[in-house]
Protein chains: 2
Amino acid sequence: MSKATPTFSIELFFRALADRTRLRLLNLMSDGEICVCFFTEILDESQPKVSRHLAYLRRAGIVASRREGKWMHYRMQEPAEERARALLRATVDSLRNDPAMQRDRQKLSRLCCSPRLPASLNGAPVPVLNGSVRTTC
Amino acid sequence: MSKATPTFSIELFFRALADRTRLRLLNLMSDGEICVCFFTEILDESQPKVSRHLAYLRRAGIVASRREGKWMHYRMQEPAEERARALLRATVDSLRNDPAMQRDRQKLSRLCCSPRLPASLNGAPVPVLNGSVRTTC
DNA sequence: GCATCACATTCGCTTGGACGAATATGTAAA
DNA sequence: TTTACATATTCGTCCAAGCGAATGTGATGC
């Protein structure tokens, strides 16, 4: 599912990111693939809300999803067009520069390094962070 | 008026550009300063509508305005932060790559070169285009 | 099979934002 | 100062989109 990349639409792109929750989700994906339960844990938002916003990003062609058993992983998807890719890179770059967004990613980083995950994440596949600017554990 | 550049907000930026009309306005400003009457002529939209959307862009800190007699000129405004500037550049770059947006700019280009402007633009200050990719008249 | 877990979707409700129409403001010219 | 012109703003309406609550779906385990 969610394989074909439809022709990029700037309007769709901006509509998709004109929401704080979706910006936070994208920011969390900037270090690599994450499963839904980590999103809900870090954003501290309801699961249906997170899921709805992830579906929005997927329909806009900004992220892609992959199933692994019970878990769904989401990751950023590189647009086909070069300028669109550059725009997405600049977007993520700006996001990573934002203090609130850095706090979210730090929370993710700590969770990934932690020997004991919170109960809500028991058994969940821990994201593998490949961020260039690694936050120390 | 509209001098101070408030701290850049990514969310505000994306909300401001999550609208087709505002994207078209920004695209038209990518070649240089334009006055309101040219916007309404090219977009073929009502004056209050154009004015409202320009005010929205101004409040978001994306454009700045300048009065010259009866006319108001609008231009893009470079954000203070480097990453924000890069994001705006990438945005405009993507816009200029879009066929519909190219048609708008071509219409502007033709209007500027034309010896006889339409009646609605009589006496209006003709924009000076400084676009890198000049469309021939 | 049935239960459970992770996630997706649907359903009303409510709110924000875009719109046309009307009106206000600011400038210049008569 | 009256008029005309360019632009800005306000007002009321309507529609899209976000929300919580409830329910549906797909996978695993017993």
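Visitor: Why does D44(B) count as exposed?

Guide: The relative accessibility of D44(B) is 64%. Exposed means over 50%, so D44(B) counts as exposed. The model is a predicted one, and the value is computed from it.

Visitor: Where in chain B is D44(B) found?

Guide: D44(B) sits in the loop between α3 (36-43) and α4 (47-59) of chain B.

Visitor: What is the phi of D44(B)?

Guide: Phi of D44(B) is positive, about 55°, although the residue is not a glycine. D44(B) follows α3(B) in the chain.

Visitor: What makes α3(B) a mostly covered helix?

Guide: Seven of the eight residues of α3(B) are buried, and buried means under 20% relative accessible area. The buried ones are V36(B), C37(B), F38(B), F39(B), T40(B), I42(B) and L43(B).

Visitor: Which elements do the buried residues of α3(B) pack against?

Guide: They pack against α2, β1, α4, β3 (71-76) and α6 (99-113) of chain B.

Visitor: Why is S30(B) called buried?

Guide: S30(B) has a relative accessibility of 17%. The cut-off for buried is under 20%, so S30(B) counts as buried. S30(B) is placed in the loop between α2 (20-29) and β1 (34-35) of chain B.

Visitor: Which residues is S30(B) in contact with, leaving aside neighbours within four places in sequence?

Guide: M76(B), V92(B), R96(B) and R105(B) are in contact with S30(B). Contact here means heavy atoms within 4.5 Å.

Visitor: Turning to chain A, is D44(A) buried or exposed?

Guide: Exposed, because D44(A) has a relative accessibility of 65% and the cut-off is over 50%. Phi of D44(A) is near 55°, a positive value in a residue other than glycine. D44(A) lies in the loop between α3 (36-43) and α4 of chain A.

Visitor: What makes A55(A) a buried residue?

Guide: A55(A) has a relative accessible area of 13%; buried means under 20%, so A55(A) is buried. A55(A) belongs to helix α4 (residues 47-59) of chain A. From A55(A) to L108(A), the C-alpha to C-alpha distance is 21 Å, at 53 residues apart in sequence.

Visitor: How many helices and strands does chain A have?

Guide: Chain A has six helices and three strands, in the order α-α-β-α-α-β-β-α-α along the sequence.

Visitor: Why is chain A as compact as a globular protein of that length?

Guide: The radius of gyration of chain A is 14 Å, and the globule rule gives 14 Å for 137 residues, so chain A is as compact as a globular protein of that length. The C-alpha trace spans about 45 × 30 × 25 Å along its principal axes.

Visitor: What share of chain A is buried?

Guide: Buried residues are 48% of the 137 residues. Of the contacts in chain A with a separation of 6 or more, 66% join residues 24 or more positions apart. Chain A exposes about 7200 Å², with 48% of that from carbon and sulfur atoms.

Visitor: How many positive and negative side chains does chain A have?

Guide: There are 23 positive and 14 negative side chains in chain A, and the centres of the two sets are 4 Å apart.

Definitions and conventions: Residues numbered from 1 in each chain as written. Chains lettered and ligands numbered in written order. Predicted model: local features only at pLDDT ≥ 70, side-chain atom pairs only at ≥ 80, totals over all residues. Heavy atoms only, no water. Helix = DSSP H or I, 4+ residues; strand = E, 2+ residues; numbered from the N terminus. Rg over C-alpha atoms; globule rule 2.2 N^0.38 Å. Buried < 20%, exposed > 50% of the residue type's maximum accessible area, 1.4 Å probe, protein only. Areas by Shrake-Rupley, 256 points an atom, 1.4 Å probe, with all protein chains shown as cover. Lys, Arg positive; Asp, Glu negative; His and termini not counted. Charge placed at Lys NZ, Arg CZ, Asp CG, Glu CD.
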